[in-house]
Structures are given as C-alpha cells and as structure tokens.
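Hi there,

Here is the structure I promised to pass on, with my notes below it. Could you have a look when you get a moment?

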Amino acid sequence: MLERSERLLDPRTCLIVTVSYAALIVASHQLTWLLAELVILWLVIVAVGEGGQYLRWLRLVAAMAASWFAISWLAFDIGTAVTAGLRLVALTSVFFVFFRTTAPEDLGNALVKTGLPYEVAFVFSTSLQFVPVLSRKARNILDAQRSRGIPLEPGLSALRHYPALITPLLIQAFQLGDELAAAMESRGFGRPGRTFRRHYRMRAIDWAVVVLAVGVASLLITWPAI
Amino acid sequence: MGPERQVPEPVIRVSGLRYRYAGAGSEWILENLDLEVRPGEYVLICGSSGSGKSTLCRTLNGLIPHFFGGRMEGRVSVAGLDTREHPVGELFAHVGLVFQNAESQLFNSTVESELAFGLESLGLSPDQIEERVVRAAEIVDITQLLHRQPHQLSGGEQRLVTIAAVLALRPEVLVLDEPYASLDPANVARVRDALSETHRRGTAVVLTEHRLENAVTDAERMVVLYRGRVALEGTPRDVLAEDVTGLGLNPPAVVSTAKALNLPYLPLTVEGLVSAAEGRQLPADLLPDRPARDATTDEALISVQDVDFSFGDRPILREVSLTLGAGECLALVGANGSGKTTLVKHFNGLHRPDRGHVSVLGSDTRRRSVSELARHVGLVLQNVNNQFFKLQVREEIEVGARALGRYDKAWLKDLTAWFRLGPFLERTPYQLSEGEKKRVAFAAVLAPRPEVLVLDEPTTGQDWPFRRALERLLGDLLARGLSVVLVTHDLDFAEQRADRWVLLAGGRVLATGAPGDVMRQTDAMERANLRPTQSFQIRHALGKSRSASADA
C-alpha cells in the first residue's frame, strides 16, 4: 500500500502563512526584529529536519546577500546594509522552508481546487521541477566550453564569452520543452475529466492558522515600533 | 502458433504510411510503410540512424499527425481506432509510448506522482489509481523508489520509471524508442527483465534498437527499416540469416561466427553457438584477440598517482593510479557512476584531486589553469550539443583555437579535409545529424593541436556505420601520434579499439591490462557489474583465445 499520510496543513494554508511571514520581514526595519524573525525560521528549519540542506543552500545565498550588503553600504550606510543583507537571508529562508515542506504539485493541485486553471498550476509546478535539470545542464555546458579553452571561469573576462554558455543552454531548454510537451501529451495532459488522487480541503485547523497568521502579521506590520 | 488457431486481429495496423515533418524542403521520412502487430507480440524494429524508427513510434500513439503536424498519408490504426480521427488524449490508454530521453519525460516531484499522472488524466478514482500504481511498480520492480524524486535517480532507474508510468495505464501495446541507449549492461538487464515480465503478462511490446545483441533474443519478430521502408521482416533468426550489414546493422558476434563456421542452424546466444559448433574451431582470423601492447618504453603523457576525490562528503575516486603513454589508446571502462568521467575531468583541470597528484606532460595540474591544460588535453564530453554556440561550423571549429592562441590556418584546413567537414562549413551545427555533430566536436577540440584526445562515451546512441567510422578515425589519429583516452561502458567498442583497459568500479581501479586480460578477471568484472563481450565469450568458449592459450 502506498503511504497516504495526511498533511498537517493544506498547501494553501502553508502558502498564506509564508506570504504573511514574508510581508512581515519586508516591513521590519529594526535589526532586532529581523534577527528574531530569522531565529524563529531557524528553529522551524531544525524542527522539520532540514538543517543540513539549509546550510548547503545558505552557502549559495551568502554570496548574493554579501553583494547586496556591499551595494547597500556603498549607497547608504553600514546599518542599512546589515538590515538589507539580513532581510534578504530571511526572505529567501522563508521560501526555503515553504518549498522544502510543500511539493509544488501539491500546491498546484490545491490551487486548482480553488479555481486556478489546471494548465496554469501545472506550468508553475513543472517549471520548478526542471530548475535542477537546467542547472545541471548549465554546469555540463560550462565544463564542455572550458575544456576547449573558452574562458568561462567567474570574472569579468567571462562576460565576453557568455554566449558560449547561454546559447547552448537556451537551445537545450527549448528542446527539453518540446520533448516534455510530447511526453505530457502522451500521458493525457489537458484531457477533460482529470481526477486527483489526493484530497485537498481546508479544515478547521487550516482556517484557524490562516486567521492567526494574517491577523498577527497585519497587527505587527501596522505597529510603528517594528 | 498452430494453423488451426484463429489469428487475432492486429492491435496495430499501419498501411501505406508516408510521412514528412513540417517545414520547407523536408524529406519523406517514412515511405509506403506497412506493419502489423498482434496482441501480446514482442516486435523489434531496427535500422540505422535516420531509418525512421523514432518517427514510426510517434505515429503509433497519434503524436503524428496531431502534435508534430507535417504531412501524413496512408493509415495507422491502434486497437481499431484510426489515429487521424482520434486524439492522443484518447489513444494513450491503448498505446503507451516511452521516449528515448528519460529525463524529459519525468515531470512530477515523486515517482509515485509520475505513475499516477496518466491515471489522473484517465479520470480514475483515488483507489483505482493507488491499486494501479502499486501493480505497475511491482511489475518493473521499483516499489522502493516510489517516494524518491525522479531527477535524483540513476539513468537506469529513470528508464524503469518511464516504463512503469506508461504500464500503469494498462495499454494493449507498449512502444519504446531505444530504451537501452546510454544504459550500462547491468541497467540494460534490469530493463530487459521488466519488458519480459510485461510481455509475459500479455502486453504487446514494440521496441526500436540498432544494437542487436540483447534485443534479438527477447523479440519474437524483427522488422528492419531502411530509408523509411520495411526492408526485412520475420523471426530474428530468419532476418539475421540475411546480410543485414548493407542495411546499416551489425549482426551479433554469434551470428557472424555461426555464418563463418557454416553452421546449419543460426544460434542467437553463445550457449547456442557452442552447442551448434560441436567442437569446431574458430578460424585464426575470426574474432582475433587484441594482444597486449608493450607500453614499458612509452613516455607518460598523463600520470595519476593515488588520487582521491569527493563531491561534498560523497567519495567519487579512491586511490586511483594510472598512466597514459604516448601513442596509446587507453579505455576507462566501468558501469554508470563508477567515476570514469570524474577521473578524466582531472586530466584538464576541471577537477583537482583532494589527495594525490595528476600530472600532464610532467606538470602538476594543480599549478596549471584549465585553459593551459586544454592546449594539451582535448576533452569531448558526452553531449556534444553542450559546446555549439556559433552560427557556422567554421566558427565553431576555430573559436577554441583562437581563445587558446593556437590558431593555425593550415592545420584547420587539414582537420576540415580529414573529418570531411567541407560541405558543412557554412551550415549551423544544430542542423547536422548526430554523427556529423560528433565530427565537428572532435575537430573543434583538436583545433589547438592537443597531444591527448579524451572522448567521453563517444558511441552512446550511435549506430553501427558511425561506430565503424569512429574506429577508422581513431586509427588515423593514433597513427599520427596522438594518444587517445576512451571513457565508455560500451565494451565491444573498447575491445575493438583500445590497447589497454582500466576497469573502474566504485571509484577504484579494479584491473588494468589488455582487454582480454581484464575480461578474464571474472571477480573484477562481476564487481564492476560488467559482462565480457560476446566476442570474448565466443573465443573463451571455443578455446581459441590467444591469451588463454598463452596462460595455459
């Protein structure tokens, strides 16, 4: 028998909580608030057992946050730069938690139940599945081009040679899209009368969590001290 | 089947089929093709590249004409439904199509969702979906993978998932387009078992393939396509009794041997050959064993000493040591994931060892940039489409040499003539056939005049005419003094071409030596999940292996 574990919360509830928390992070201007929000996120990450994955992922975000910090420092001051860097880490972390705990197709299917056209939901969830595939392709292209002497090592000189990365990547992405469309068609994509093997419904606990999340976020966002 | 039994109606009936893809100047790919497949039959469709195999598959579930457009004449019917009149969304419940590229067919977040997708399309209830998902997973033996992410699976596992996703629909016919391409022997065996089980349960199987050794023993009927037409048809034994080499196919070694020995009965397996040969001996010039090359005096161009390498905390290479001599053809053989490609990426600095040393022409790769090393080691990775970005073949060949400051007009002219690229110089690389693309990629990597050429899985997905041409080409390169490293799990090709094998498994070197000597090391071959080539097995079984005689 397949595992049919019921989710604690409906994917739509998770989305609403995520968006509320993200809005709170965007509205927070005090360093202490941002730090507190980040610590809460870290506790959640540890609680759901994603600590190791988060640390690996954080290494990628760190470079982006450092650039953001540097630009803000040059344009404004050190205080603004620290807040901006932390805000970026917190914002990306909240979506990290969301995507590690909610399968894109679960979210897509739940949104279809709410009235979103199936095709739109499917494009959303499928494009997320293929991010790692395209990133693997990009790495392979980099290796192939560097192997024949085209300098694509990180740095300014690589900019001149970027077509060597972008052109094959785009062409392969289009080919992948064509093949994917044929494969989906061959398994009945777009056929009327589709059913879903999982039930998605908002239970009392979902409504309670939604009201609590939106309420608390709205209250804090409108509070001047934040 | 006895003549008194009624022959069932074909589940697939193709009559007078002609097809060409949309686009100005496109040629007819299929020409007056007739084909029937009976319920529960196992049919092998073979032919060289461009013979129309993939196009035929697309007509069987209605993707042609509904998805690809183009011009179609004649009639295709599946389970009594005319594919022109019924959309793919209706036909997919009767005929399941598994495409060549597994990666682009897996578009769900878990294997379980992948198997359920088509069933949801059919509008089945959750209980029916669950029951069918479980059954399909059991048939192809992937129950343990149901909660994994498809894109994190190995190539063989991905292939099994694509088959299960289609089997869950319980179609009358399962059509597979080159399902063994890019799989190593162990994974080919897994897929073959799954297909045999499917066939045993009564589903008709239609499979395209151009490498015959595995497929001919499984199929009941064999159809050879040549330039879009059925050129030969019958039981595999009857078809292989004819000369298929003119149709771009290489008969299995057992068949060639049986014909050379004038056996009255055509065996399809080594065991069958041994029993039919009844003590006859192999002629000396048939299936010669490749003698070991004396490499003791060779200057070492590449030297790898005690190399360890890991991705994160996952070890990939462990205590690897080897040398490549000047003018030598070395094959790194091993199953998928054995560390072959990771090892050759150390030769040009794409990877640096965690421990140990790699030196190229006496210089440690840790102290040289990739660009510097690319002047000496030309590496062509498996998918040559990864390197094309110029509008013309001419620019594509020149760009690397210019970037490395090694542009030599006379040498490029030689390369163009040698690889017969003259007619394509002004064309865009993406318009070429796969074989032509490979030639462009080889020329581009050779343009800076490296001393070593490394080819990663050069024969994957390639037909026999290409493999023969590649063998000749490598012979020419070696004759000109170049050293070649082949990275492959295609042992037939490695046996034909390489002087020496390095057998890898789990990131370790298990054996080194002449191809025959490595294949004789049964334990190492088993640990590497590889089987000796059919030629080796025949030599061994008929007692004519030179090295075996020497050992004795």
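**A hairpin in chain B**

In chain B, strands β11 (residues 300-311) and β12 (residues 314-325) run antiparallel and are joined by eight bridges. Helices (H or I, at least four residues) and strands (E, at least two) are DSSP runs here, numbered from the N terminus, and two strands count as paired if DSSP finds at least two bridges between them. B:Phe311 has B:Arg314 of β12(B) as its bridge partner. Two residues lie between the strands of this hairpin, and B:Gly312 takes a positive phi near 60 degrees there.

Before going further, a word on the model: it is predicted, so local features need pLDDT of at least 70 and side-chain atom pairs count only at pLDDT 80 or more, while totals for chains, interfaces and linings use all residues. Residues are numbered from 1 along each chain as its sequence is written, and chains are lettered from A and ligands numbered from 1 in the order in which they are written.

**The open sheet of chain B**

Chain B also has an open sheet of four strands, in the order β2-β1-β4-β5 with antiparallel pairing. Its edges are β2 (30-37) and β5 (81-82) of chain B; each has a single partner strand, so one side of each is left without a neighbour in the sheet. Five bridges link β1 (residues 12-20) of chain B to β2(B) in the antiparallel sense, and B:Arg13 stands opposite B:Glu36 in β2(B). Helix α1 (residues 53-60) of chain B packs on this sheet, touching β1, β2 and β4 (71-78) of chain B, and its direction makes about 120 degrees with that of β1(B). For contacts, I use C-beta atoms, placed from the backbone, that lie within 7 Å. Axes are lines fitted to C-alpha atoms, for helices over the stretch in contact, and angles run from 0 to 180 degrees between N-to-C directions.

**Domains of chain B**

The domain assignment (automatic or from a database) gives domain 1 (12-251), domain 2 (300-376 + 450-551) and domain 3 (390-448) of chain B. The C-alpha centres of domain 2 and domain 3 of chain B are 26 Å apart. Their contact takes nine residues from domain 2 of chain B and eight residues from domain 3 of chain B.

**Helix pairs in chain A**

**Where the chains meet**

The contact between the chains takes 43 residues from chain A and 57 residues from chain B. On the chain A side, the elements that give two or more residues are α5 (104-113), α6 (118-129), α7 (131-147) and α9 (163-185). α9(A) gives the most, with 13 residues.

Best wishes

Methods: Contact = placed C-beta atoms within 7 Å.
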